Amino acid sequence: MCGIVGYIGKRDVAPLLLEGLQRLEYRGYDSAGIVVTSPKAAGLRMVKAKGRVRDLEAKVPARFKGTTGIAHTRWATHGAPSDVNAHPHMSADNKVAVVHNGIIDNAADLRRKLEADGVEFLSETDTEVLVHLIARSEAEKLEDKVRETLRVIEGTYGIAVMHADFSERIVVARNGSPVVLGIGEKEMFVASDIAALVAHTRQIVTLDDGEMATLKADDFRTYTTEGTRTTSEPTTVEWEAASYDMGGHDTYMHKEIHEQAEAVDRVLRGRIDDRFSTVHLGGLNLDARDARAVRRVKILGCGTSYHAGQIGAQMIEELARIPADAEPASEFRYRNAVVDPDTLYIAVSQSGETYDVLAAVQELKRKGARVLGIVNVVGSAIAREADGGMYVHAGPEVCVVSTKCFTNTCVAFALLALHLGRTRDLSVRDGKRIIEGLRKLPAQIEEMLKQEEDVKKLAAQYADARSMLFIGRVRGYPVAREASLKLKEVSYIHAEAYPASELKHGPLALIEPALPTVAIVPDDDLLEKNRAALEEIKARSGQILAVAHQEQEKADHTIVVPKNEDELDPILMGIPLQLLAYHTALALGRDIDKPRNLAKSVTVE
């Protein structure tokens, strides 16, 4: 959550920081702030504003010059959005400024001790504790002041620190919240996301937990919080600045929905092995002997990634005949689960930094489990912590709600299921069948997107609903769950997903004309069972929107989806429901790319 960007060099820093904040606004957008200085300046200058980055930009004075600066766009955790609670936070003598992502768990205790010593707090944030601790440190070097402070901190942080007495440097540190350095030509950048860096450099260094760095205009060095030097070689990121542009679309969500055919082609590229009707997944670090030793698969994710994991678990069971299930990582990490040495654990995260997933991975690794990561961001924390894994190659996803990354993650699971199946008992014929189905996906997605105008008309009819019910059976149930989440995330309409087979066990009490039902009806061996559920709803005067492979007689409206292999159908059936959520939100005038109360990368608990 939240976005950090910093710069040190020779350029005028304020425009650079404001541009970086604009690119990071999807990580938090209830307030923003900026601090700048230069070697010749008398001290630090700060401007903060409640609201969006544009509100901050309007407050920055014309003469706000500097060559060093840090900035932040906030997603509130401690204290309501306000000018005072916005970051950066500055010490009373205007010498120390800090921006912070994460949560300081012992902030209340530290605050009480500082107040007892006469410190006056201006904000309600946990971050202000850091500022006062650094300012009160008697250490001579800025690095030592920060290190001394971090020793008494409990919790997660990604921080950047400036000090008026050390204007030639920025000190940064990471524990559980991403910090990325950008290496330029006689200039250095820091950010919480490479989105803020790629317009200026593609050479990056990603800090590990427990690591710090000092940035100067012509140099950087990394070291642990204990002071031991570390070796960090820059890597080149594959994404370019143009990847973050809207490309002629009105919103990022619309752009990213329409990028899915190309994105799916990218995740398949170079991975299919026609000779043996299987796939090449060298990054798994899992040879055939290891794969055959797997007795169970447990998939962990949060939100959309969890739903993709549910689809993945079904694919693995169907194609590889290995027992598999998915569980929210936020629950798994707290229930003291039994960790089985014969179980393969798979961590799923778009950002690769989702805190609950990362914490689950670390706990599993501590207990000796084998963990694979399925992530979108190269070099992210989960990718580094895992024993192996797959990148889904969806490209940058800027909209807070996930669309193309969900689809690519499901395709990645199909590849993994095929790989595991072909090391076991999946026949060459079935392997070839799945490969042919995978190759059809990009064209079928394009075909599906051509129905957008029809879906838009349907969305206008359902936009007045106060609540909607989504149902599906077996393969269709995770699709219903993801579609329900998309609708409520972006349109704010209450939505609930339920297994179609459970209708008689409670939810039928809700059915009435004012509660539309979206039914996932694939043309598979459960078709007649699903049609029976539609009969039950129609008998109680419920409205029905079916997503199916053929028109459904009992439905008021049907969105017809191209047919693929049964195992792959869920991937396609989610596409029109993304469009439904999008156009419902558009009809209601919602802020589609930045839904209220949400942020893109959830790096706090």
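This is a predicted model: local features need pLDDT of at least 70, side-chain atom pairs count only at pLDDT 80 or more; totals for chains, interfaces and linings use all residues.
**View 1. Thr 68 and the residues it touches.** Leaving aside residues up to four places away in sequence, Thr 68 is in touch with Tyr 7, Ile 8, Val 13, Val 35, Val 36, Thr 37, Met 162, Ser 167 and Ile 170. You'll find Thr 68 in strand β4, which covers residues 68-74. Is Thr 68 buried or exposed? Its relative accessibility is 2%, so Thr 68 counts as buried, the cut-off for that being under 20%.

**View 2. An open sheet of seven strands.** Follow the strands across and you get the order β5-β6-β7-β8-β12-β13-β14, with antiparallel pairing. The edges are β5 (89-90) and β14 (229-230), and each of these pairs on one side only. Helix α4, residues 127-136, packs on this sheet. The helix touches β5, β6 (96-101) and β7 (157-163), and its direction makes about 145° with that of β6.

**View 3. Strands β12 and β13 side by side.** Here we zoom in on one pair from the sheet: β12 (residues 211-216) and β13 (residues 219-224). How many bridges join them? There are six, and the two strands run antiparallel. To get your bearings, look for Ala 213, which stands opposite Thr 222 in β13.

**View 4. The largest nonpolar core, and another one apart from it.** This core has 126 residues, and the members touching the most others are Ile 34, Ile 316 and Ile 346. Which helix gives the largest share? That's α13 (residues 404-422), with 12 residues in the core. Take Ile 346 as a way in: not counting residues up to four places away in sequence, Ile 346 touches Val 297, Lys 298, Ile 299, Leu 300, Ile 316, Leu 372, Ile 374, Phe 413 and Leu 416. Another core, of 25 residues, lies apart from the largest one, and its members include Val 96, Leu 114, Ile 159 and Val 161.

**View 5. Helix α11 and what covers it.** Helix α11 runs over residues 355-366, 12 residues in total. At 1.5 Å a residue, α11 should span 16 Å, and its end C-alpha atoms are 16 Å apart, so the two agree. Buried residues in α11 are Tyr 355, Asp 356, Val 357, Leu 358, Ala 359, Ala 360, Val 361 and Leu 364. What covers them? The cover includes strands β8 (170-175), β18 (296-301), β20 (343-349) and β21 (370-375), along with helices α10 (329-332) and α12 (381-385). Just after α11 comes Gly 368, with a positive phi of about 85°.

How values were computed: Residues are numbered from 1 along each chain as its sequence is written. Side-chain values use heavy atoms; hydrogens and water are left out. Two strands pair if DSSP finds at least two bridges between them. Helices (H or I, at least four residues) and strands (E, at least two) are DSSP runs, numbered from the N terminus. Contact means heavy atoms within 4.5 Å. Axes are lines fitted to C-alpha atoms, for helices over the stretch in contact, and angles run from 0 to 180 degrees between N-to-C directions. Buried means under 20% relative accessible area, exposed over 50%, partly exposed in between (1.4 Å probe, protein chains only). A nonpolar core is a set of buried Ala, Val, Leu, Ile, Met, Phe, Trp, Tyr and Cys residues joined through side-chain atoms within 4.5 Å. The expected span of a helix is 1.5 Å times one less than its number of residues.
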